[in-house]
Amino acid sequence: MSFDQLMPIFLSSKVSRVPPNLPFQFTGGFGMSSKDEGVLMVGQGIYSMFAQAVLFPLLARRLGCLKIFRMTVIMWPMLYFLVPYTVLLPREYRMLGICFCLLWRTTAQALSYPPNNIMLANSAPSMLVLGTINGAAGSTASLCRAFGPTITGFIHSKGLKVGVSGLAWWVTGIVCMLGAFESLLMTEPRRGETVTSPMDEEATDDRTMINPLSIDAALVAATRPELSNADEFLRGPRSRTDPKDGTEI
């Protein structure tokens, strides 16, 4: 979300004529028009569909969701630290550098969202609380969409005042480093291993504890004393033979 906000600003910012003071103090962007930015976004969207439909299933079968997720979240900090320096490339290599960063970002995004959703569903202690977990995750994501661009935009404006246009990128990269470290602590069940929670077992016991037919048989026995054996009700009416053609009815 922060990338989606910062990248259009970075692309449309005017090219700086001020000599950079490396490693951190430099400003400026690529001075791209809205039309050129739109072409890049279209290409990014087309590749994103390919990555999610083709690339992710192939890697998921070979590596598994957790390894893919770790690989992509480790890639994010490096990307955030690298993007601001593309403006320092020679003019003939700038477009190549920005295309490489967009390809990197789209690949990481397409490969991180599906395993994140899959592992979120698998982490539910019971199917009874899966809706609650998905609702909490959706609410948290919406909260990040609301405050993420606001915070990064504020940091970016402060960075421009001190001549450091990459400040927002690098702060976001530090946050991504914390997420990458957290991913190393995650685990997932082995293939073929089924995790059954006590809540699921209790729900299954509640569904199978009482046979509805037994309740009906008890009611019939209480209201119709002439039926001395309730098993007759459970077995249902006995079949009879039609005297005309000999078929059972």
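My notes on these topics follow, and I keep in mind that the model is predicted.

**Helix H5.** I started with the length of H5, residues 130–161. At 1.5 Å a residue, its 32 residues should span 46 Å, and the end C-alpha atoms sit 46 Å apart, so the two agree. I then looked for a bend and found a kink of about 30° at Phe147, shortly before the proline Pro149. Just past the end of H5, I noted that Gly163 has a positive phi of about 80°.

Which residues of H5 are buried? I got Leu130, Gly148, Thr152, Ile155, His156 and Gly159. Their packing partners are helix H1 (2–12), helix H4 (91–122) and helix H6 (167–183).

**Cores.** The largest nonpolar core holds 26 residues, and I listed the ones with the most contacts inside it: Phe3, Met7, Phe10, Leu11, Leu79, Val83 and Trp169. H1, helix H3 (65–82), H4 and H6 each put in at least two of its residues. Apart from that core there is another, of six residues, including Cys65, Val73, Met119 and Ala180.

Setting aside neighbours within four places in sequence, Phe10 touches Gly28, Gly29, Phe30, Val83, Pro84, Thr86, Val87, Ile98 and Trp169.

**Cysteines.** How many disulfides are there? My count is zero. I checked Cys101: the closest cysteine sulfur, in Cys99, is 9.4 Å from its own, which is too far for a bond. Cys101 has a relative accessible area of 1%, so I put it down as buried. Cys65 is at 15% relative accessibility, so it counts as buried too.

Note on methods
Residues numbered from 1 in each chain as written. Predicted model: local features only at pLDDT ≥ 70, side-chain atom pairs only at ≥ 80, totals over all residues. Heavy atoms only, no water. Helix = DSSP H or I, 4+ residues; strand = E, 2+ residues; numbered from the N terminus. Expected span 1.5 Å × (residues − 1). Bend = angle between axes of the 7 residues up to and from the residue. Buried < 20%, exposed > 50% of the residue type's maximum accessible area, 1.4 Å probe, protein only. Contact = heavy atoms within 4.5 Å. Disulfide = S-S within 2.5 Å. Core = buried A, V, L, I, M, F, W, Y, C linked by side-chain atoms within 4.5 Å.
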